Each structure stands twice: as structure tokens, then as C-alpha cells.
Amino acid sequence: MRTITLLQPNRLVFGSGCLTNALDYLSALPQPRIHIVYSASLHSTIDHLKRQLSTTGIPVTSDRASAGEPTLSSFHAALERARATEPTCILGIGGGSALDLAKLLAAFLHNAQRIEDTFGIGLLRSRNCHLVCIPSTSGTGSEVSPNAILLDETAQIKKGVISPCLVPDATFIDPTLTHSVPPAVTAFTGLDALTHCIEAYTNKHAHSLVDLYALEGIRLCARFLARATHDGNDAEAREGLSLASLYGGLCLGPVNTAAVHALAYPLGGEFHIPHGLSNAILLSTVFRFNAAASPERHADVALALGAELKSTPLETAYAGAAQLEALTRTCNIDTNLAHHGIGRNSISHLAEAALTVQRLLSNNPRELTRHDVEQIYAACFA
């Protein structure tokens with residue numbers, strides 16, 4: 001068994017209502033000056049947080065993250081604003097985009113490195129600003145991962161900074177914050193969490209220590225994703241989906257994702273399809289393609305999704321692909337690329353861009369040629 005390292009926040013708090021615990025934690029920091037980076041939908045929550053913190057005499061500033069996924073230019077602008085406030089702690093609260101931005105701001109607040117020089121694995125060397133993350137969606141797992149993604153507008157491709165320095169000091173996961181998330185966003189982000197777990201379990205570098213998180217995350221998504229999508233106030237479903245998202249995030253550092261995410265990046269980078277939706281469009285097709293490389297592993301996923309046991313592992317795996325298709329339909333997700341403004345004439349260009357994401361493709365259980373990638377994109381027009 002190969003050596004594996006799990007990096008997690010020093011404090012990880014999970015439970016409905018634990019936003020109160022976060023306030024207590026922040027108030028106990030030594031002479032804190034807190035800069036909050038938040039998603040626009042959380043305006044009232046941020047006002048409440050600022051009022052509560054201000055009553056204890058803590059200086060608080062805030063900056064709303066731009067809509068959509070963060071770009072290089074929006075990061076540089078946000079970094080200037082953050083530096084002007086001279087914070088000792090960055091608090092990220094919101095969806096994955098806001099959390100990724102907060103993580104990068106904390107890392108580069110006092111860092112001489114250029115962010116452009118840190119894209120990749122292990123190139124970011126330090127962070128000396130305290131970092132706290134509170135997710136308001138159930139999907140990216142950014143609140144516990146060493147990853148942060150930015151869109152390079154010039155190259156029209158997403159790029160990742162992966163470093164232990166991006167793991168927060170403390171994370172508070174309060175599922176009640178997710179109750180107001182709209183159905184479509186619930187579905188997209190939930191399928192992102194499911195993809196993290198599936199790609200971790202079927203990954204070339206899968207590990208039994210991470211398998212525990214991955215399989216349980218798959219079971220939770222299969223049980224609760226549709227429920228949370230159709231009834232946002234279903235507290236049990238929201239808690240289950242938040243837990244699945246956490247498990248998916250814990251998979252990202254030690255094992256990470258593979259071809260689904262690699263092929264999803266150009267869909268988001270050039271065509272601005274939301275990340276979770278991009279994954280949902282590709283997931284069953286890539287799963288079916290990969291099944292032949294490790295049928296037993298894919299069969300395990302299929303059973304965790306609720307598929308019936310078939311006569312061979314490969315048949316069971318294919319039943320899992322059908323289960324994924326059924327789940328996306330139940331969540332009212334349209335997986336036809338043509339319906340999202342993409343033409344078949346883009347397939348070659350998409351494949352070329354996807355093949356540059358070798359840090360993820362190298363994890364895939366089955367090698368992909370350019371022809372394979374083009375065929376996968378083509379299948380997503382059905």
C-alpha cells in the first residue's frame with residue numbers, strides 16, 4: 001500500500017446551526033482584523049455576522065465575490081482591496097468560487113510570489129494569514145481541500161493552484177446555510193460532489209483510506225441529491241448532501257479527480273457553463289468509457305448508487321452509468337451540449353484544450369487519446 005497524506009483543517013465543525021461556533025472561534029482569535037469574502041446571495045447573513053463581530057470590538061471589512069467563477073483579473077483586484085484592509089484573518093463564506101478566492105487572498109496577502117507562477121501542484125510556498133471557510137453550497141468541497149481554481153481569461157481555460165497552504169485553519173459546515181440554494185444550483189453542485197467521490201474511487205491513484213470517504217459520499221448523493229433538489233427545506237437531505245460534499249472535498253487532496261473534470265474545464269473556461277453542470281453533462285459518458293479499465297471498482301460505485309448487481313462487474317458498472325443518467329434526469333439537468341450553446345464544430349477545439357489538463361488526465365484509470373476525447377464530447381450531443 002502506497003504512502004498517502006491527508007491534510008485537513010485544524011478545526012472542522014459540522015452541524016446545523018454551527019455558524020454560532022464560527023462566531024465564537026473568530027472572536028477568540030488574538031487581536032483579529034477580519035476581511036470577509038462572500039457570495040452575493042448571502043448579503044443578509046454577512047450583515048448579521050458583521051453586527052455580531054462588531055459588538056465584540058473586532059474590526060471587520062467585507063468584499064463581495066464577483067458573480068460566476070473567479071478570474072485572474074478579479075483575483076488581482078480583490079487582492080488589492082484585501083491588502084488595503086490589512087487583515088489578520090480572511091473569512092470565506094459562500095459557494096466554491098467565493099471560498100477559492102478567499103483561500104488565494106489569504107495565501108497571497110503577504111506573498112512575493114506571482115499567482116501565475118503557482119499554477120500546478122506544490123508551487124505555492126507559504127501562507128501567513130489566518131484562513132476560515134464556511135460553505136453555503138454542497139458541492140466543491142473547497143472548504144477542506146488544498147485546491148483553488150481560477151479562470152485564465154486569456155487562455156480561456158481554468159487553472160488550479162494546489163498546495164497544503166490552501167487548506168483552511170478552520171472550517172464550519174452549517175447545512176442550514178444551504179436551504180435557500182435554488183434547485184438548479186443544488187443539482188449542479190451536488191453532482192460536482194458526486195463526481196469528486198466517483199473520480200476519487202475509480203482513480204488510478206485510489207487508496208483505501210480515501211475509499212471510505214468516496215463510497216460514503218456516493219451513497220449520500222444517491223440518497224439525498226434529488227430530495228434536496230426538489231425540496232430545499234428538507235433538513236435531513238440538506239445535511240446528507242453537506243456531508244457528501246465534505247467527503248468529496250477530503251478526497252481532493254490525496255487523490256484528486258480525473259477525466260470528467262479535465263474535460264469539464266474547457267466547457268467552463270470558454271463557454272461559461274457552470275462547473276457542476278459541466279461535470280454532470282460528462283459524468284455518465286466518461287464513467288462508461290472508464291468502466292472497462294477497472295470494472296470491479298466501477299461496479300462498486302454502481303452498487304453504491306443503488307444499481308442492481310449483474311452477472312459480471314462490467315455489466316454492473318454499465319448499470320451504474322444508467323443510474324447516473326437517471327439521477328441527472330430526476331434533477332432536471334439537460335445534458336445535451338447543443339442545448340447549452342455549443343455546436344459540434346467545437347469538438348476538436350474542446351478536445352485540444354482538455355488534453356492540456358494533464359495533471360488530472362494522468363489520474364484517469366484509462367488513457368485517453370485525442371480521438372477518445374472527441375468521441376466523449378460527441379456523445380454529449382445526444
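**Note on pockets, ring contacts and backbone angles**

1. Phe75 and Phe108 are both buried, a term used here for a relative accessible area under 20%, with exposed meaning over 50% and partly exposed in between (1.4 Å probe, protein chains only). The model is a predicted one, in which local features need pLDDT of at least 70 and side-chain atom pairs count only at pLDDT 80 or more, while totals for chains, interfaces and linings use all residues. Residues are numbered from 1 along each chain as its sequence is written, and side-chain values use heavy atoms, with hydrogens and water left out.

2. The count of aromatic pairs comes to three, where rings of Phe, Tyr and Trp (its six-membered ring) pair if their centres lie within 6.5 Å, and planes under 30 degrees apart count as stacked, over 60 as edge-to-face and the rest as tilted.

3. The charged end of Arg297 sits over the ring of Tyr201, 4.1 Å from its centre, and that of Arg366 sits over the ring of Phe289, 3.8 Å from its centre.

4. The largest pocket has 49 lining residues, and Glu69, Gly95, Gly96, Ser97 and Thr140 are those that lie nearest its centre. A pocket is an open set of points on a 1 Å grid over the protein atoms alone, where a 1.4 Å probe fits, with protein on both sides within 12 Å along at least five of seven lines, and lining residues have an atom within 4 Å of a point. Among the elements that give two or more residues to this lining are α4 (96-108), β7 (147-152) and α5 (183-201).

5. The second largest pocket is lined by 17 residues, of which Ile121, Ile162, Leu252, Gly253 and Pro254 lie nearest its centre.

6. Gln31 has a positive phi of about 45° although it is not a glycine, and its place is in the loop between α1 (19-27) and β2 (34-38). Gln31 is exposed, with a relative accessible area of 73%.

How values were computed
Helix = DSSP H or I, 4+ residues; strand = E, 2+ residues; numbered from the N terminus. Lys NZ or Arg CZ within 6 Å of the ring centre and 35° of its normal.
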